[in-house]
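Here is a short report on a structure for someone meeting it for the first time. Look through the sequence and the model, then read on.

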Amino acid sequence: MKTVQQQYEVGRHPDLPPPLVERGVVKWVRDNFFSDATSIVLTAVALYFLYKVVPPFVEWAFVDAVWNADHRNECRARGEGACWAVLRARIAQFTYGYYPAHLYWRVNTAFVLLFVALAPLLFEHVPGRRYLLWFSLAYPVLAFFLLWGGLGLEPVESAKFGGFLLTIVIGVTGIVGSLPLGILLALGRRSRLLIVHTISMVFIEFVRGVPLITLLFIASTLLNYFLPPGTYFDLLLRVLIMVTLFASAYLAEVIRGGLAGIPKGQFEAADSLGLGYWKSMRLIILPQALHISIPNIVNTFISLYKDTTLVVIVGLADPLGISRATLADSKWQGLSTEIYIAIAVFFFVSCFAMSRYSLYLEKKLHTGH
Amino acid sequence: MTTATAIFPNPLRWALGLWRDQKHRGTIIQIMALVALLLFIGIIIRNTAINLQALGLEIGYDFLTEPANYDINQHLIDYNSLSSHLRATAVGVINTALVSVCGIILATVIGLFAGILRLSKNWLVNRIMYAYVEFGRNVPVLLQILLFHALIIHTLPHPRASLSPMDGVFLSNRGFYVPQPVLEPAAWAILAALVIAAALAWWFAGHAKRVQENTGRHYPVFTINAALIIGLPLLAFFLAGRPIGLDFPQLKGFNYQGGMVLRPEFTALWFALSFYAGAYIAELVRAGILAINRGQTEAAYSLGLKPNWTMRLVILPQAMRVMVPPLISQYLGLIKDSSLAIVIGYMDIVATIGGISLNQTGRALECMSITLFIYLSISLGVSTVMNWYNRRVSLVER
C-alpha cells in the first residue's frame, strides 16, 4: 500500500480555520457593504444620507426636545428641539376625545375585552377557545353598551367620542359590520342569477370606483335627504354606515378571491352529498374560502383603519380632529410637526403589528407546494 | 267538505313545489330581489322629493352657469371669481389630473428604485429601503400629506431667505419657484420633428420585426429609435434657432415674479401621494421580480439568448404580467387619494364642485352627483383598459 502525501501550500490546509477575511464580522461586512463597485458606491451614498438625516433628527426629537412645559413659548424659550409637552398636555384628548373623564374606565374595559374577544379569532391555540368564541360573538353588543351607555350605565353621546377611541370604534365596527355584507356581496357576484349578480356587481364597482371622502360627504350632506322626513341620525352613526358599506365592497372582492381559490371538486363534492346551496356554502365552501382569505381580510382592515383618519374632513374628532383643535389653541399653535409625527408613530406601530400578523398567517397557510 | 280539503292545501303545496324546484326558486329569488331593489329606490326617491319640497328646492343643474364667486389659487385655464361653477369644476378636474399624472410618474420612479434597491445585497441600502416601505405603507396617506405640508410650511425659509440649490430655482415656504420655459413661434418645428420621429420609429420597429421574421436578421431597434426620437427634435431645436427660452423668477417685494411656481399645497400633495404609492409599488416590483422562476432564465440561456435579450424577451414580459394589474390599481388608488387634497386646500374636484360650490349653492344632490360621476368615469375607464390588457397578456392554457 502506497500512502499519498498530499502537499498543501502554507496556510491552505483544509483543517486550518478559514482566513480572517473569510469569516466572522469581516466577511459579513465585506459581503454586505463592499462586495463590488456598485455596492461600495451604494454604501457611501447610504452612509451620507444617514449622516445627513439621522443626527439632526435625533437632536431635534430627543436631545433638544422639551417634554415639560405649559405652553409653546415656554418650549421655545428652553430649546430649539421638538416640543413634546403638547402631547403630555393633551394625551387624554388624543386617547378618549371628549369622553367624560370619570367614565374612562368603561373605554378601558371595552378595549381590554376587545383583545379577549379577538384572541380566539386570531390564534388557534387559545385555552378555552370554544367558550371564548361565544364571548367574541357577544362582544359587539357588550362594547356598545359599555361605550354608549344604557342598561343602567350613564349614557354618553356620540359627539363626545374622539381620539384613538374613535379610530378604533370606526375601524372595528366597519370590519365587523362589513363581514356579513361582504360575504353576501361576494356570493351575489358569483351567483348565476342575473339580477342578483348585477345588483352586487354594480354596488361593488360603484363603491370601489369613488374615493371614500365622497362617500363621507354623502353621509354628512346627502343622507338626510334620503331618509324619511323627521328621522335624524347622529353624524357618527351616518359615518359608521358609510364606512361599513365602503369596507363591504372591498371585503367582497377579497372573499370572491378566496372563493375563486376553492377547487371545483369541493363544489361538486358538496353537490354530490345532496347539500343545497346555502348548506354547501355554510358547511363546505365558506369555511375554506374565509380561511384562505384571512390574510387579505386583515390587510383590508389595515387600510380601513388607516382610512378612518378621513373622518376629520366631515368634522369628527379623531386624532387629526383633536390635533386641529389643539393647533387652534393659542397655547400650542404651530406645533403641527410634533403632533403629526406622534400620530404617525401610533398608526405605524399598530398597522405594522397587524401586517406582521397577516404575514405570519400567510406563512402558516402556505402549506407546501 | 271534500272540495274544501282538496282545494285548500293545493296552492300551498304548489308554492312549496315551486320553491323546492331549483330552477323556479332562482326565478323567485330574482323577482324578490328586483322588487326589493325597486322598492328601496322608490322609497329613497320619494323621501328625497318630500325633503326637497319641504326645503323649497328643485333639482336642476342651471346653477352651473352662474358665477362661482370664489377664487382658486392654482388654475391652468383662465379662471376668476366671476367664472361659472362649470368652469370651476373644469379647473378642479384639471388640478386633479395634474397632481395625479405627476404623482403617478414620481411614484413609479420611486417605486422602481426602492423595489430594486430592496433586493440589493447591500445590507445598509436594503434596510433603508425596508424602513421606507414599511413607513410608507403603515402611515395613513392623509397624515403623510399633512406631514409634508407641515414640513414645507414650517422648515423652509421665507421667500426673502429662500434656498437656491440651482440658478433660477428658489425653495421657500410660499412655494418652489422654477424657471418657466417660454415658447417662441418657431417652437412648432420641434413638435413637428417629434411627431415625425415617433412615426418613423413606429414604422422602423414594424419593419425590423418583419425583416427578422423573414430572414432572421436583427437590427438594434431600441438604439436607433432612441436616437431618432431624441435626435430629431434636438436637431430641429438648433435649426429653428433655439426657439425655447427660460423665464427666471425674480424676487420683487415680498414674493417672486415670473417663472413657474409649484405651490406648497401642490408640492406637499404631489410628494406625499408619490411617497405613499411608491412604497406599495416598490413591493410590487420586488414581488414581480421574485415571482419569475429562475428556471426561466436558465432556459433562455440554454437557448443561447444573450442576457439583455433574456431580460427583454423572457423575464420582463412575464414580470409585467404579474406586475401591471396591481400597478394599475395602485395608480387608480393614487387618483382617488388625490381627493384628500381638500385638507391642505389644494383645489381639486372634491374641493371645487364637491366642496365650495356645494356649500355656496346648497345644491348637495347635484354637486355630489357630478363629483361621483367624474370619479366613476375615471375608475371605469381605467378598469376597462386594465381588463383589455389582462385579456391580452393572460396565459392561455389548454
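## Overall pattern

Which pattern does chain A follow, read along the sequence? The pattern is α-α-α-α-α-α-α-α-α-α-α-α-α-α. Chain A comes to 14 helices and zero strands. Helices (H or I, at least four residues) and strands (E, at least two) are DSSP runs, numbered from the N terminus.

This is a predicted model: local features need pLDDT of at least 70, side-chain atom pairs count only at pLDDT 80 or more, and totals for chains, interfaces and linings use all residues. Residues are numbered from 1 along each chain as its sequence is written, while chains are lettered from A and ligands numbered from 1 in the order in which they are written.

## Chain A: shape and domains

The C-alpha trace of chain A spans about 105 × 80 × 40 Å along its principal axes. Its radius of gyration is 28 Å, whereas a compact globule of 369 residues would have one near 21 Å. That radius is taken over C-alpha atoms, and the globule rule is 2.2 Å times the number of residues to the power 0.38.

Chain A has domain 1 (20–63) and domain 2 (85–99 + 156–365). These bounds come from an automatic or database domain assignment. The centres of the two domains, taken over C-alpha atoms, are 41 Å apart. Of the 369 residues in chain A, 31% are buried (20 or more other C-beta atoms within 10 Å of a residue's own, with C-beta atoms placed from the backbone).

## Chain B: a helix and a hairpin

Helix H7 (residues 188–215) of chain B has 28 residues, so at 1.5 Å a residue it should span 40 Å; its end C-alpha atoms are 40 Å apart, which agrees. The expected span is 1.5 Å times one less than the number of residues. Ile190(B), Ala193(B) and Ala197(B) are the buried residues of H7(B). They pack against helix H8 (221–239) of chain B. Just after H7(B), Gly216(B) takes a positive phi of about 85 degrees.

Strands S1 (residues 163–166) and S2 (residues 169–172) of chain B pair in the antiparallel sense over two bridges. Pairing requires at least two DSSP bridges between the strands. Met166(B) has Val169(B) in S2(B) as its bridge partner. The hairpin has two residues between the strands, and Gly168(B) takes a positive phi near 80 degrees.

## Where the chains meet

In all, 49 residues of chain B are in contact with 41 residues of chain A (C-beta atoms, placed from the backbone, within 7 Å). On the chain B side, H3(B) gives the largest share, 13 residues.

Notes
Buried ≥ 20, exposed ≤ 12 C-beta atoms within 10 Å, placed from the backbone. Contact = placed C-beta atoms within 7 Å.
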